[in-house]
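Welcome, and take a moment to turn the model around before reading on. The paragraphs below will lead you through it step by step.

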Amino acid sequence: MPSQVVPTDIELRSRLPDETQPSENPPACSDSRRDGPKEKTPLFKLLSAGFSFFVAGTNDGSIGALIPYILSSYNVGTSFIGILYFTTFLGWLVAVPTNSYLPHYLTLGSLLSLGALLQTIPLFVRVFHPPFPLFALTFFVTGLGQAYQDSHANTFVSSVKGAHRWLGFIHAMYGAGLLVSPFVATTIAVSTTQKWWTLFYLFPLGLSAANLAMVLVTFRESVALRLERQGDPEPERRSVMVEAKQMLKTRDIWIFCLFFFFYLGACSTSGGWIVEFLVDVRHGDLSKVGYVPAGSYGGVFLGRLLLAEPTHRFGERRMLLLYAAICFVMQLVFWLVPNLISSIAMFSVMGFFLGPFFAAGVSVASRTLPRHLQSSALALIFVVAQAGSAIFPSLIGVIAAREGVRVLPPIVAGLIVAMAFTWCFVPKTREYED
C-alpha cells in the first residue's frame, strides 16, 4: 500500500481508536485500533447496524408469506420461485471479489451507505408489480446491497467490547424483521386485488430509506472516497491478491462456509416453503396460515436475545450441538405427526433454538480468523451461506413441481444433521476479554 494518501484518509485513521471501525481501512492497517486506551461503546453506530439487520429481515421474511401470491399473479410454477433465490445468491456472489477491493477506495461509512442504497432501489421497483424477469432482477441488487452492508457491519460489531452481546443484538434485530414482515405482507396481500399485493413493498421501502439516512448520520465522519492516491498502486494490487490467496487457503474459513451453508439452507427452506406446505399438505386456510412464519421468526428473535449469553457462557461449541439436537427432534415431530396445530407449534419452537446459531457462528469466526482477513472472509462465508439459502429452496421448488411440497420435512431434517456435523469441526477459540 502506498505510504502517502489523501489528507482525509489520514484524518480517518487517526480516529480509529475512538471509532472502532475495522473495515474502514485496507487490511494493512487493520490492527491499528488495538493501540491506545480503551474506547467507549459507539452506541449509535451499533443501533444503526442493528436497524440495518431489521431492514434485511423485513425483506427476507416476506418471501414465504408471498409465494402463493407470486405464483398466482405471475401465473408461474413453483420452480420459478427458485429463480428469486438464485438471483439473490448471484448478488452475494458478486460481492465476494469486490469486497476485497472496495475497502481500498471506500471508507466504512461509504461501504455501508452503498449497501443501504442498493437495498432501497429494488424495493421501489417492486411496488409497481414489474414483469417477472425484472422482479427477479431486483433480488440480485438487494442481495448485493445486503452483502456489502451485512459483512462490514458484522466486522465492525465484532470489534467492540462485549462483541458477543452486540452480535446477538443485531442478529436479533434481523429476527425481529423476520417476525414483523409476514404479518404486514399477509395483511396487505389479503386486503388488495390479486395484482397489487406488491403494495406491501412500500413498507420495507420506507424502512430502507430510514436505514440509509441512519448510516449517513451515524457514520458521517467516515463517508468519503479515496480517489487521490500517490505512488505506485501495484503493491496495493499485489496485497489484495495475496490476501485473496491466503483467504482461499485458510481451512477454517471453509469450515465456517459449510456450517453457514447448511444453517441458512435449513432456515431459508423451512421458512420459505412453510405456508405452501401447510396449505397443500396440512390443508390449512391460506388467509390464516400466512401468519405462521411469524411464529418461527418470533422464536428466532427471542432465541437470539435470550440465548446469546448462556450460549457464550457455557461455550458455543457444546451449546450449538445441543440446540441442533433439539431442532432435529422438533423437525421429526413436524414431519411424522400429521396435525396442523402440532406442525405450527414445532415449527415455532424450532425457530427459537435455531436463533443463536448465526450470531454465535460469527462470534466464533471473529476469534478464529486472522483480523486482516475478516471483512473479506465474512463476505465469502455469507455468499456460501446464501448459496445454501438459494440451492435448497430452489431444490424444493423443482421437486415440488413433480412430487409436491411434502418433501420439505425430510430435507430440512437432513440439513440440520449436516449443520451439526460441520459444527463439530469448528476450531476451539480463546475466550473474550471483557
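Let us begin with how an axis is drawn: axes are lines fitted to C-alpha atoms, for helices over the stretch in contact, and the angles between N-to-C directions run from 0 to 180 degrees. Helices themselves are DSSP runs (H or I, at least four residues), strands are runs of E with at least two residues, and the numbering starts from the N terminus. Please keep in mind that this is a predicted model, in which local features need pLDDT of at least 70 and side-chain atom pairs count only at pLDDT 80 or more, while totals for chains, interfaces and linings use all residues. Residues are numbered from 1 along each chain as its sequence is written, and side-chain values use heavy atoms, with hydrogens and water left out.

Now for the overall picture. The chain has 19 helices and zero strands. Of its 434 residues, 61% are buried, where buried means under 20% relative accessible area, exposed means over 50%, and partly exposed lies in between (1.4 Å probe, protein chains only). A contact here means heavy atoms within 4.5 Å. Among contacts with a separation of 6 or more, 84% are between residues 24 or more positions apart.

How do two helices in this model sit against each other? Two packed helices are described by the angle between their axes and the distance between the axes. Take helix 5 and helix 7, whose axes come within 7 Å and cross at roughly 40°. The two helices are therefore oblique to each other; angles under 35 degrees count as roughly parallel, over 145 as roughly antiparallel, 65 to 115 as roughly perpendicular and the rest as oblique. Helix 5 passes helix 7 in a right-handed crossing. By class, the contact of helix 5 with helix 7 has 14 nonpolar, nine polar and one charged residues. In this count, Ala, Val, Leu, Ile, Met, Phe, Trp, Tyr, Cys and Pro are nonpolar, Asp, Glu, Lys and Arg are charged, and the others, Gly among them, are polar.

Is Thr-87 buried or exposed? Thr-87 is buried, with a relative accessible area of 12%. Apart from neighbours within four places in sequence, Thr-87 touches Ala-136, Phe-139 and Phe-140.

Helix 7 has another partner to visit. Helix 7 (residues 132-157) packs with helix 18 (residues 374-403) at an angle of about 130°, their axes 9 Å apart. That makes helix 7 oblique to helix 18. Here too there is a right-handed crossing, as helix 7 passes helix 18. On the helix 7 side, Asp-150, Ser-151, His-152, Asn-154 and Thr-155 meet Gln-374, Ser-375, Leu-378, Ala-379 and Phe-382 of helix 18. These residues divide into three nonpolar, six polar and one charged.

Next come the charged pairs. Side chains of opposite charge can pair when their charged atoms come close. A salt bridge is a side-chain nitrogen of Lys or Arg within 4 Å of a carboxyl oxygen of Asp or Glu, and a search of the whole structure finds six of them. Glu-316 and Arg-367 form one, at 2.6 Å from N to O. This pair links distant parts of the chain, with Glu-316 in helix 15 (residues 316-336) and Arg-367 in helix 17 (residues 357-368), 51 residues apart. Glu-316 is buried at 7% relative accessible area, and Arg-367 is buried at 6%. Arg-251 forms a salt bridge with Asp-252, their closest N and O atoms being 3.8 Å apart. Here Arg-251 is exposed at 54%, whereas Asp-252 counts as buried at 18%.

Finally, look at two loops. Most residues other than glycine have a negative phi, and most peptide bonds are trans. Asn-75, which is not a glycine, has a positive phi of about 55°. Asn-75 lies in the loop between helix 4 (62-74) and helix 5 and counts as exposed at 69% relative accessibility. His-129 also has a positive phi, near 50°. His-129 is found in the loop between helix 6 (108-126) and helix 7, and counts as buried at 13% relative accessibility.

Key:
A crossing is left-handed if the near helix is turned anticlockwise from the far one by less than a right angle, and right-handed if clockwise.
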